Amino acid sequence: MTEQLRLMAVHAHPDDESSKGAATMAKYVAEGVAVQVVTCTGGERGSVLNPKLDRPDVWENIAEIRRAEMAAARAILGVDQAWLGFVDSGLPEGDPLPPLPAGCFALQDVAVAAEPLVKAVREFRPHVMTTYDETGGYPHPDHIMCHQVSVAAFEAAGDPERYPAAGPPWQPRKLYYHMTFSKARLTALHEGVLAAGLESPYAEWLANWDDSRDRGERITTRVPCADYFPVRDDALRAHATQVDPDGRWFHVPMEIQQQFWPTEDYELARSLVERSGAIEDDLFAGIRESATCR
Ligand SMILES: [Zn+2]
């Protein structure tokens, strides 16, 4: 009998799990993997990004609404989900940038903020964890903090000397970073859209692309999950305040996405199992073989 594989995806806000790695999670759920999303903050300082819901009653109840949206999204993805309970830092805007609000997630001490995640890791006992890279993948202070606490928890969870009050040690075998937006992917989708005689939503984005910040070279792992792109989109739409259903996310026809870039991509950032050097197609490569029942 083989032990059930477990995947933990750590995200900053409710909705991030549906825009980064969602099809991967849905695929693994369908294969019988236990998947848990850990959401660091409640998204209390998020904007209302859907013009149809940009109303005072929505703004006033945003925290509750986002909890309900998250409940809908996790049901669609078929994942378990836990909140760490930190408060959204908000995306600072302006020049100069305003200070972050007191008590927010990004102002926490990393070693302290990692403890509830260490506890979650020791309870769920994931073989694989995913998070953002050191840039956050997107310059939001909560995304950068999410990266920092994820790395800290990955490194501490297996050490019985650290966080002794957070449960018996458990060491995940691999940590991956999402590599969602590479120039190669956007170019492939852009060309696919043009070949179909449609207007590309990516022309300007690509024209202004900063090659020095492109992360395509860092991709170690491409998980084929095109069959689950529609599930990903359904989950994303469940976060109705956070996504404009008429926006850029949904402009590239599904068949073009499935044909021209049928994977979600990752960088293997930490690994306790050996890897061959070839591009992987499975987050559990090297783990499946050894995850036997104990
Ligand atoms: Zn976010």
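**An annotated site and a helix pair**

In the unreviewed UniProt entry, the annotation "binding site" covers three residues, His13, Asp16 and His143. These residues are spread over 131 residues of sequence, yet they cluster in space, with a largest C-alpha distance of 9.5 Å. The model described here is a predicted one.

Asp16 belongs to helix α1, which covers residues 16-19. Because 28 other C-beta atoms lie within 10 Å, Asp16 counts as buried, the cut-off being 20 or more. His143, for its part, sits in helix α6, made up of residues 141-156. His143 is likewise buried, since 25 other C-beta atoms are found within 10 Å. Leaving aside residues up to four places away in sequence, the contacts of His143 are Ala12, Tyr132, Gly136, Gly137 and Tyr138.

Two packed helices are described by the angle between their axes and the distance between the axes. For helix α5 (residues 110-124) and α6, the axes come within 8 Å and cross at roughly 60 degrees. The two helices are therefore oblique to each other, and α5 passes α6 in a right-handed crossing. On the α5 side, the contact is made by Val110, Ala111, Ala113, Ala114, Leu117, Val118 and Val121. From α6 come Gln148, Val149, Ser150, Ala152, Ala153 and Ala156.

Notes:
Residues are numbered from 1 along each chain as its sequence is written. This is a predicted model: local features need pLDDT of at least 70, side-chain atom pairs count only at pLDDT 80 or more; totals for chains, interfaces and linings use all residues. UniProt positions are given in the numbering used here, feature names are shortened, and annotations may be inferred rather than shown by experiment. Helices (H or I, at least four residues) and strands (E, at least two) are DSSP runs, numbered from the N terminus. A residue is buried if 20 or more other C-beta atoms lie within 10 Å of its own, exposed if 12 or fewer, and partly exposed in between; C-beta atoms are placed from the backbone. Two residues are in contact if their C-beta atoms, placed from the backbone, lie within 7 Å. Axes are lines fitted to C-alpha atoms, for helices over the stretch in contact, and angles run from 0 to 180 degrees between N-to-C directions. Angles under 35 degrees count as roughly parallel, over 145 as roughly antiparallel, 65 to 115 as roughly perpendicular and the rest as oblique. A crossing is left-handed if the near helix is turned anticlockwise from the far one by less than a right angle, and right-handed if clockwise.
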